[in-house]
Amino acid sequence: MPGAIYAEGLVKTFGNVRALDGVDLDVPEGTVLGLLGPNGAGKTTAVRCLTTLLRPDSGKAVVAGIDVLRNPNEVRRSIGLSGQFAAVDEYLTGRENLHMVGQLYQMRAKQAKARAVELLEQFNLTEAADRTTKTYSGGMRRRLDLAAALVVSPPVMFMDEPTTGLDPRNRQQLWEVIKQLVSGGTTLLLTTQYLEEADHLAHDICVVDHGKVIARGTSDQLKARTGGERVEVVVQEREHIATAGEVLRGFGKGETTVEEHTRRLTVPVTGGAKLLAEVIRELDTRGIGIDDIGLRRPTLDDVFLSLTGHLAEQRDEESGESGESGENGKNGKNAENGGTAATKGQKRKKEDAK
């Protein structure tokens with residue numbers, strides 16, 4: 001039986017760009033799916049198709065047991081959506097924004113006001129509740145947008161990079177909110193480029209690249225697929241990076257990753273602590289001073305590097321832009337279009353809820 005979010009063979013093209021190329025997803029009820037991928041991989045396009053903001057060229061999508069293509073209005077009544085860009089009315093106060101959303105979803109006035117107070121406190125916006133949102137910082141607008149998506153506690157939630165722009169404290173608080181939602185039975189599809197976020201929250205992870213699902217499984221399963229351990233070295237002097245790279249390649253079982261700005265080198269190895277001691281001796285013999293060295297398990301960053309050949313937050317090389325540039329760049333659109341689409345989608349949901 002399909003899960004609360006189900007997609008089969010989703011295809012979406014923008015001109016010559018195939019943003020989705022036969023994507024399959026299945027998210028059981030009450031779980032979190034982390035949808036990960038490099039910029040331009042198709043994550044946001046998948047979310048827009050599943051939330052009725054875009055119509056796929058082909059394929060099947062079912063959300064909360066409702067066919068997305070046949071009954072989009074019913075889908076909108078059953079989901080919450082927080083897009084990449086905050087979609088709030090800047091001429092209303094934070095309190096008024098949340099109260100308005102509640103009323104559009106046909107909540108009683110007293111109930112909508114009480115829910116607004118609850119969410120403002122939950123997202124640390126109480127002190128700014130009666131200021132117009134055009135005076136809010138970017139992070140505050142983001143938190144208000146997330147609060148608006150949770151006004152009616154929908155059974156299925158979509159969050160597209162929800163913690164972008166949040167400081168570590170507010171990010172941790174949102175993680176706790178997500179955990180509470182899921183423990184109460186909410187199903188969540190989460191896209192993120194903060195890999196520790198997916199590691200922390202997702203029951204299952206799908207990695208997408210060039211519009212296709214290239215790997216899926218739990219965080220531990222994907223790390224095991226990458227295999228082995230990593231020796232990670234931070235050299236003292238930048239001019240020693242090349243020599244240190246030669247040393248690590250001599251011990252490594254794969255490509256050595258170099259971060260020039262942090263003077264950090266990482267290489268997959270086998271052999272554990274004994275091999276680490278040998279690496280230290282060889283670096284010392286070559287006269288290479290180190291600030292830090294250690295042996296660690298693979299991270300989701302390593303999974304990305306292994307599967308896609310680059311890190312999750314790397315800019316799209318073809319367009320030179322960050323965001324879902326691979327999906328929009330060739331059509332002269334930029335990431336701001338995503339904000340417009342999300343705004344329209346929220347307005348459409350509110351209209352349908354009347």
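Strand 3 and strand 9 (residues 204-209) run parallel and are joined by 4 bridges. Leu 33 has Asp 204 of strand 9 as its bridge partner. This is a predicted model, in which local features need pLDDT of at least 70, side-chain atom pairs count only at pLDDT 80 or more, and totals for chains, interfaces and linings use all residues. Residues are numbered from 1 along each chain as its sequence is written, and side-chain values use heavy atoms, with hydrogens and water left out. Helices (H or I, at least four residues) and strands (E, at least two) are DSSP runs, numbered from the N terminus; two strands pair if DSSP finds at least two bridges between them.

- Axes are lines fitted to C-alpha atoms, for helices over the stretch in contact, and angles run from 0 to 180 degrees between N-to-C directions.

- Strand 8 (residues 187-191) is mostly covered, with 5 of its 5 residues buried (under 20% relative accessible area, where exposed is over 50% and partly exposed in between, with a 1.4 Å probe and protein chains only).
- Thr 187, Leu 189 and Thr 191 lie on one side of strand 8, Leu 188 and Leu 190 on the other, and all are buried.
- Strand 3 (residues 32-36) runs parallel to strand 8 and is joined to it by 4 bridges; Leu 35 stands opposite Thr 191.
- Strand 7 (residues 156-160) also runs parallel to strand 8, through 5 bridges, and Met 159 has Leu 190 as its bridge partner.

- Another open sheet consists of 4 strands in the order 2-1-4-5, with antiparallel pairing.
- Strand 2 (17-27) and strand 5 (66-67) stand at the edges with a single partner strand each, so one side of each has no neighbour in the sheet.
- Strand 4 (residues 58-63) and strand 5 pair in the antiparallel sense over 2 bridges, and Val 63 has Ile 66 as its bridge partner.

**Helix 1 across the strands**

- Helix 1 (residues 43-50) lies across strand 1 (5-14), strand 2 and strand 4, at about 115° to strand 1; contact means heavy atoms within 4.5 Å.

**Helix 3 and its two neighbours**

- Helix 3 (residues 94-104) packs against helix 5 (residues 138-149) at an angle of about 20°, with axes 9 Å apart. The two are therefore roughly parallel (angles under 35 degrees; over 145 is roughly antiparallel, 65 to 115 roughly perpendicular and the rest oblique).
- Gly 94, Asn 97, Leu 98 and Val 101 of helix 3 meet Leu 144, Ala 147 and Ala 148 of helix 5. These contact residues divide into 5 nonpolar, 2 polar and no charged (Ala, Val, Leu, Ile, Met, Phe, Trp, Tyr, Cys and Pro count as nonpolar, Asp, Glu, Lys and Arg as charged, and the others, Gly among them, as polar).
- The axes of helix 3 and helix 4 (residues 109-122) come within 8 Å and cross at roughly 135°, which makes helix 3 oblique to helix 4.
- The contact of helix 3 with helix 4 has 7 nonpolar, 4 polar and 2 charged residues.
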